[in-house]
Amino acid sequence: MTRAPARDYRLAKAGGHTAVLVFFVTFLAFPFYWMLITTFKTTQDLYNTSNNPYLFHDPPTLHHLQVLFDNTQYLQWIANTAFVGVIVVAITLALAVPAGYALARMTGAWAQNLGIAIFLTYLVPPTILFIPFSRIIGDLGLQDSLWSLVLVYPSFTVPFCTWLLMGFFKAIPRDLEEAAMIDGLSRFGAFVKVVIPISTAGMLTAVIFAFTLVTQEFVYGVTFITSSSSYTVSVGVPTFLVRGDVYFWGSMMGACLIVSVPIAIVYNLFVDRFVVGFTAGAIK
Amino acid sequence: MKRSPISATTVPGSIFPSILTRLADDDRWLLRVILAPAIIYIVLLVGIPFLMSLYYSLSDATVASRELHFIGLENFRRVVASHTFWVALGNTVIFTTVSQVLVIALANILAIALISDFRGKWLVRLLIILPWVAPISLSSIGWLWIFDSIYSIINWTARAAGLFDPHYWPIWLGQPRLAMASIITVQVWRMLPLATIIILAGLASIPQDIHDAAVSDGAGFWRHLFEITLPLVVPVGVVALLFGIVFTFTDLIVVLVLTRGGPYDTTQVLASWAYFTGIQGGDLAGGAAISLFLLPVLVAVSIVFLRFARRAEVA
């Protein structure tokens with residue numbers, strides 16, 4: 001008597017679970033699936049409205065990717081993004097690693113408040129800062145130069161990474177350094193020789209996060225950079241490839257996909273650590 | 001403990017080494033010194049531009065002129081007198097409120113579905129995290145193609161499935177209400193992964209014995225959900241909401257790529273209008289004044305965030 005309803009309930013629950021997951025995966029991943037299909041379809045297949053758009057009526061083509069690589073500055077934009085990303089990551093680590101460590105080891109209420117204050121600056125949006133920045137960058141003679149982005153991007157990577165690293169360093173027991181200091185190392189020596197080697201995971205997280213933020217940034221890029229050879233990839237594709245009435249849909253979708261998927265895969269490996277950074281304070 | 005400053009008898013040449021020795025010996029000073037560069041960078045690159053933004057909003061700054069004159073609240077008066085301001089303010093509120101209500105509701109459902117173990121979970125997680133990780137200016141172009149006026153896959157699918165009348169062919173980005181619905185959809189799509197993983201972390205941090213106690217007390221699925229699980233997720237849900245509000249209220253990328261504020265400013269938000277006025281229009285003062293209307297909400301969010309941070313310290 002009781003067994004059948006219990007089984008029905010279990011089945012219904014499993015079915016509901018699957019239905020929920022299918023719905024969300026479809027909603028969230030569909031645009032990328034659609035980019036993939038579009039990238040490899042011939043133009044006439046894409047623009048024939050009587051064709052079923054889900055199917056390939058012509059064999060898959062590499063034409064759009066060829067256009068992207070041969071006739072646009074896509075590779076240059078990727079190189080620009082990598083250039084800015086690497087330098088910003090270096091600046092971020094140089095500033096945020098010592099700062100995060102200092103905040104983790106300082107005592108007293110004001111050190112705690114300072115940590116929170118630094119994090120809050122991450123919430124000050126580019127939307128408020130980009131107008132004065134456009135003048136500052138002009139005054140420094142950096143308009144249209146990738147160095148303008150190198151200068152400005154740490155303004156959002158440093159606050160978040162400092163906060164993230166502070167959490168990591170707090171988790172390292174003070175005893176470890178104190179033991180090293182008793183053995184004759186200075187505080188600085190203990191930091192370099194004891195703390196840094198065991199916090200590579202934390203620093204790698206900061207690296208990935210800073211680099212991801214650089215590739216995603218759009219507002220400053222579109223404000224400071226005006227010539228197409230200096231674009232980063234997140235600015236170049238929407239401003240340059242969309243210009244005019246002719247949309248190269250296949251090439252644009254390929255451009256989006258090629259950048260997005262590798263970042264997503266790397267980010268996915270570190271996502272739990274980012275969540276710790278975002279929620280520090282709310283989960284204890 | 002307080003140390004006396006470098007003693008007056010020290011000869012000038014030895015000041016430098018004595019500072020170094022002091023740093024190496026005195027922990028508190030060393031920590032302050034290594035903290036300083038980050039603070040200085042943040043003050044220079046966030047603090048100063050922020051103050052400049054305040055000053056610009058009270059001046060007649062333009063791209064064309066190097067001279068600035070203080071004109072008081074004139075820009076704010078001009079902005080508030082503009083019809084576009086009220087449209088953009090209303091749109092910003094709708095854009096933020098509707099998208100964040102949907103994000104929080106959907107994120108809870110998705111997080112609860114993801115907390116149990118099932119085959120292929122890593123793949124599902126990878127797929128659902130994509131929208132948050134992919135550069136939004138690029139994925140918005142994907143949506144531009146999905147919403148295309150002629151080749152929209154949504155329209156084709158809905159018609160093929162018999163959901164749309166054969167004569168109904170909505171122009172998603174060209175009709176005011178549909179355009180607003182479209183940019184809200186894209187914003188929900190983009191913010192949902194972050195909210196989901198934050199809430200998932202909150203769910204995972206609930207001790208298992210609480211769940212066991214609820215089950216052994218005979219709570220069913222829904223009762224367990226509404227009386228045990230969801231109340232315990234509230235704090236972390238608030239954090240997800242705060243980030244969502246900040247990232248949505250100040251965002252201009254989705255609007256810029258998809259509609260450029262159109263048709264007829266019906267999807268113009270404060271952030272995109274500030275961009276069009278300040279950067280494209282060259283009216284730095286006007287743009288700064290518009291963007292400062294975002295500030296009250298940011299301050300409110302920060303205060304709530306601070307309360308949470310404090311509470312977590314006490315606990």
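The lining of the largest pocket divides into 18 nonpolar, nine polar and two charged residues, where Ala, Val, Leu, Ile, Met, Phe, Trp, Tyr, Cys and Pro count as nonpolar, Asp, Glu, Lys and Arg as charged, and the others, Gly among them, as polar. This is a predicted model, in which local features need pLDDT of at least 70 and side-chain atom pairs count only at pLDDT 80 or more, while totals for chains, interfaces and linings use all residues. Residues are numbered from 1 along each chain as its sequence is written, chains are lettered from A in the order in which they are written, and side-chain values use heavy atoms, with hydrogens and water left out.

**Largest pocket**

- The largest pocket holds about 1000 Å³ of space; a pocket is an open set of points on a 1 Å grid over the protein atoms alone, with protein on both sides within 12 Å along at least five of seven lines, and lining residues have an atom within 4 Å of a point.
- A volume is the space filled by probe spheres set on the points, which are joined across faces, edges and corners.
- Among the 29 lining residues, A:Lys13, B:Ile112, B:Ala113, B:Ile115 and B:Phe221 are the closest to the centre of the pocket.
- H1(A) gives the most to this lining, with eight residues; helices are DSSP runs (H or I, at least four residues) numbered from the N terminus.

**Cavities**

- There are two cavities of 30 Å³ or more, a cavity being a set of grid points where a 1.4 Å probe fits but cannot get out.
- The largest cavity has a volume of about 640 Å³.
- Its lining has 31 residues, and A:Tyr122, A:Pro126, A:Leu213, B:Arg190 and B:Phe247 lie nearest its centre.
- H11(A) supplies the largest share of this lining, four residues.
- By class, the lining of the largest cavity has 22 nonpolar, six polar and three charged residues.

**Interface of chain B and chain A**

- The contact (heavy atoms within 4.5 Å) takes 101 residues from chain B and 100 residues from chain A.
- About 8800 Å² is buried between the two chains, and carbon and sulfur atoms give 80% of this area; buried area is the accessible area (1.4 Å probe) that two parts lose on being put together, summed over both.
- On the side of chain B, B:Tyr41, B:Leu138 and B:Trp145 lose the most area to chain A, together 8% of what that side buries.
- Zero salt bridges are counted between the chains, the rule being a side-chain nitrogen of Lys or Arg within 4 Å of a carboxyl oxygen of Asp or Glu.

Methods:
Helix = DSSP H or I, 4+ residues; strand = E, 2+ residues; numbered from the N terminus.
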